[in-house]
Amino acid sequence: MTEDSAVEINGLSHWFGIGHMRRKVLHSISMNIQPGEVVLLTGPSGCGKTTLLTLIGALRHIQEGDLVVLGNQLRNSSRKTRQRLRKQIGMIFQGHNLLRCLTAEQNVQMGADLLNGYSYRSRRDQAREWLREVGLSDQLHKLPNDLSGGQKQRVAIARALAARPKLLLADEPTAALDSVTGREIVSLLKRLALEQSCAVLMVTHDQRILDVADRLLKMEDGSIVPHD
Amino acid sequence: MRIRFIESRRIPLSWLLLTRQPLRLFVALAGICFAGILMFMQLGFRDGLFDASVTVHKSFDADLVLVSPRSMSSIAMSGFPRRRLIQSMAHDQVDGITPVNWNFLLWRNPKTLVTRSILALGFEPNDPLLINKDFNKKSQLLKIQGRVLFDTLSRKEFGPIEDWFLKGRSVETEVAGKRIRVAELVSLGPSFGADGNIITSRETFLKLLPSNPKGSIEIGLIRLKDNSDVNKVALSLTKSLPNDVTVLTLNDFIEFEKNYWKNSTSIGFIFTLGAAMGFVVGCVIVYQILYSDVSDHLPEYATLLAMGYKLKDLLAVVAREGLFLSILGYLPAYLTGQCLYALVRTSTKLPVAMNSERALLVFSLILFMCMASASLAMKRLVDADPAEIF
C-alpha cells in the first residue's frame, strides 16, 4: 500500500548527459521501504546508488517511472511539494556538511528550526537533547573545526534527527571514519532511528556494518540485483 | 506581536556568518566605511562651498534686494543707479532702504606687507546693514573717515588683525593703496569668491575707489513693513521700476549666488562625481565580499536546501548580511565624517557640518549599495544544487 510504505519505487529510470553523451544510470528500478525499516544499499562505485538516493531525497527531477516518498508522488511534482517533502527527510552526508560558522548546538538547531510551533528556547533545548543522545553534551559550543571526524558525524546525525524525519537517507556515513567509530555511528543511527520509527536507507561500501541492516540491497550497473 | 517574533526566531545565520569571519567582516566594513566617508566628504565640501558662497548674503538685513541685471555673482557685480533704490521708497509697503557698494580691493597684510584681494562693502553707517544686533553700535565707528570693520573669519593671509586688535594695538594698513584703520571686528565668514571681508562707510569706500561713480551702487537692500507679502511687493516693484534693475527677494538673492557656483562652475559636478566614485568603489567592495562569501559557503547553502530550507530563506540570509553590513559600516563612517567636518571647519573656516538630510542621503546610498551588491551575489546562490553535495 502506498500510504504504508515509506518509499515506493516503480520502474524508475534515470539518464545523465544530453544528446549522444546521454547515458542511462538507472534501469527501471522497483523497490519498497517500509516504515522503521533499515535498508542498506551496496554496490561498486558509479553504479547509481547516489543518484537513487538524490532522487528519493527529492533533490532531482524524475525522468521516468514512479517514485512515491512518504505518500508524495515525485513524478511531475512541484517545487513546493519537493521542498516540503525534504523537511520530512533527514540526510546525512559523507562529508558531514556542517555549517562551519555555527557551533554544534546551533548546527543541530538549524534542523530543529525547521519544525513549526516551537519557541526558540524549546528548539534549542531539543537541539541540546539530541546532542546528549549522540553523546556530545559537553561539546555544545564547539565549532565543527574543533571536533573530530566522528564527533562531526554525530552532530550531523543529531541535526538530521532534530527535524524529526520519517525517512533518513545516509550516503556512506562511515567513509571518513575508522572502523570502531564507524561501527559506533551506525549503531547509534540505527538505535535512534528505531526509537523514532524512522525508515533508513543507507548507501555504503563498508562491509563491516552490513549486519545492522534489516534488509540488504545490492546494485550493479543501475539495477538492483539479488544479494548473494 | 513582539513576543511572537522573539519566540519564532531562528538561528541568526547571517549575523553568525559575518561575525565568525572577523577578517572578512573587517575588510567589508573598512570598504563600506571608506565609501561612506568619501561620500560624506565630497557632499559636505560641495554643500559647504555653496553655503560658504552666501555667508554674507544671509546676514543682510533685507526683505528685497535690487541688483543690476548685468551682475553675474558676488565676484562680478555691476553697478546700477542709486536713484532706482530711492524710487522704490514710493511703494507704500517699503519701510527702509540701504544702498550698498560692493567691490574687491587690495588689502595689505600689515605684518608681511603682501597684498591680497578682499571684499569691501560700503554703506551709510546710519542705515541698517546686517541682522547682527551689535552691528549698529559698531557701524557708528565708521562715521570717522578711513575706518573699517574687519571680518575675523577672514583667512589668516590677511594678517594677525584679530590678535593685534584684541591686544589693544591700533591696526593700520593700506587698502587700495590708501591708509585705513581697523575700528572694530565683525564675524561674517569667507566665501568662494572672497577670502575675507571688510565693511566701511560709503564715504570711505568712494575714497578708496575714486573711479566708482558716486551715484552708482552694486546692491540695494529694501526692508518691508511687517505683514507685507514679499513676493507681491517684489512683483509690483519689478513692474514699476525700469528694467536696468532686477528685484530679488533675499532668498532669490541667496539662490542667485548659489546657482552661479552650481551651474556656471564645475564645482558641483566635481564633488558629485567624487561622491559617485565613493559609491562605485563601495559597491565593488561589498559585492566582492558577499560574492566570495556566498561562493565559499555554497556547499553549506546546498545542504540547507537539502534539509528543506526554501531558496527564499537563503536569499533572506544574504539580504540580511547586506543589511547588517550597511548599518555596521555606516556608523563609523558617520562618526568619522563628523570628526573630519570639524577638522575642515577649523582649518578652512568653511561652514561644513553634518545635517540630517545628508546623513540620511549617505545612509540611503550605503543601504542601496549593500542591498544591490547582495542581490547580485544572490545570483550565485542559484548555483547551490543540493543534488551535487552527495
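In strand 5 of chain A, A:Asn72 is the bridge partner of A:Val69, where strands (E, at least two residues) and helices (H or I, at least four residues) are DSSP runs numbered from the N terminus. This is a predicted model, in which local features need pLDDT of at least 70, side-chain atom pairs count only at pLDDT 80 or more, and totals for chains, interfaces and linings use all residues. Residues are numbered from 1 along each chain as its sequence is written, while chains are lettered from A and ligands numbered from 1 in the order in which they are written.

The bridge between A:Val69 and A:Asn72 belongs to the antiparallel pairing of strand 4 (residues 64-69) of chain A with strand 5 of chain A, which extends over two bridges; two strands pair if DSSP finds at least two bridges between them. These strands lie in an open sheet of four strands in chain A, with the order 2-1-4-5 and antiparallel pairing. Strand 2 (23-33) and strand 5 (72-73) of chain A stand at its edges, each with a single partner strand, so one side of each is left without a neighbour in the sheet. Strands of a sheet pair through backbone hydrogen bonds, in either the parallel or the antiparallel sense.

Chain A also holds an open sheet of six strands, with mixed pairing and the order 6-7-8-3-9-10. Its edge strands are strand 6 (89-92) and strand 10 (223-225) of chain A, each of which pairs on one side only, and the twist from one strand to the next averages 25°, with angles running from 0 to 180 degrees between N-to-C directions and axes being lines fitted to C-alpha atoms, for helices over the stretch in contact. Within this part of chain A, strand 3 (residues 38-42) and strand 9 (residues 215-220) pair in the parallel sense over four bridges, and A:Thr42 has A:Lys218 in strand 9 of chain A as its bridge partner. Helix 1 of chain A packs on the sheet, where this helix touches strand 3, strand 7 (167-171), strand 8 (199-203) and strand 9 of chain A, and its direction makes about 150° with that of strand 8 of chain A.

Turning to the helices of chain A, the axes of helix 3 and helix 4 (residues 120-133) of chain A come within 8 Å and cross at roughly 115°, in a right-handed crossing, that is, one in which the near helix is turned clockwise from the far one by less than a right angle. Helix 3 of chain A contributes A:Ala104, A:Glu105, A:Val108, A:Gln109 and A:Ala112 to the contact, and helix 4 of chain A contributes residues including A:Arg123, A:Trp130 and A:Leu131; two residues are in contact if their C-beta atoms, placed from the backbone, lie within 7 Å. By class, this contact of helix 3 with helix 4 of chain A has six nonpolar, two polar and four charged residues, where Ala, Val, Leu, Ile, Met, Phe, Trp, Tyr, Cys and Pro count as nonpolar, Asp, Glu, Lys and Arg as charged, and the others, Gly among them, as polar.

Where do the two chains meet? The contact takes 26 residues from chain A and 20 residues from chain B. On the side of chain A that touches chain B, the elements that give two or more residues are helix 1 (49-56), helix 2 (79-87) and helix 3 of chain A, and the largest share, four residues, comes from helix 3 of chain A. By class, that side has 11 nonpolar, nine polar and six charged residues.

In chain B, the axes of helix 3 (residues 22-52) and helix 13 (residues 311-348) come within 8 Å and cross at roughly 40°. That makes helix 3 of chain B oblique to helix 13 of chain B, since angles under 35 degrees count as roughly parallel, over 145 as roughly antiparallel, 65 to 115 as roughly perpendicular and the rest as oblique. The residues of this contact divide into 14 nonpolar, six polar and no charged.

Strand 7 (residues 178-186) of chain B pairs in the parallel sense with strand 5 (residues 147-151) of chain B over five bridges, and strand 7 of chain B runs antiparallel to strand 6 (residues 172-175) of chain B, with four bridges joining them. B:Arg181 in strand 7 of chain B stands opposite B:Arg147 and is also the bridge partner of B:Glu172. Strands 6 and 7 of chain B form a hairpin with two residues between them, and B:Ala176 in the turn has a positive phi of about 50°.

As for confidence, the mean pLDDT (the predictor's confidence in each residue, from 0 to 100) of chain A is 88, and chain B averages 90. The model scores ipTM 0.89 and pTM 0.78.
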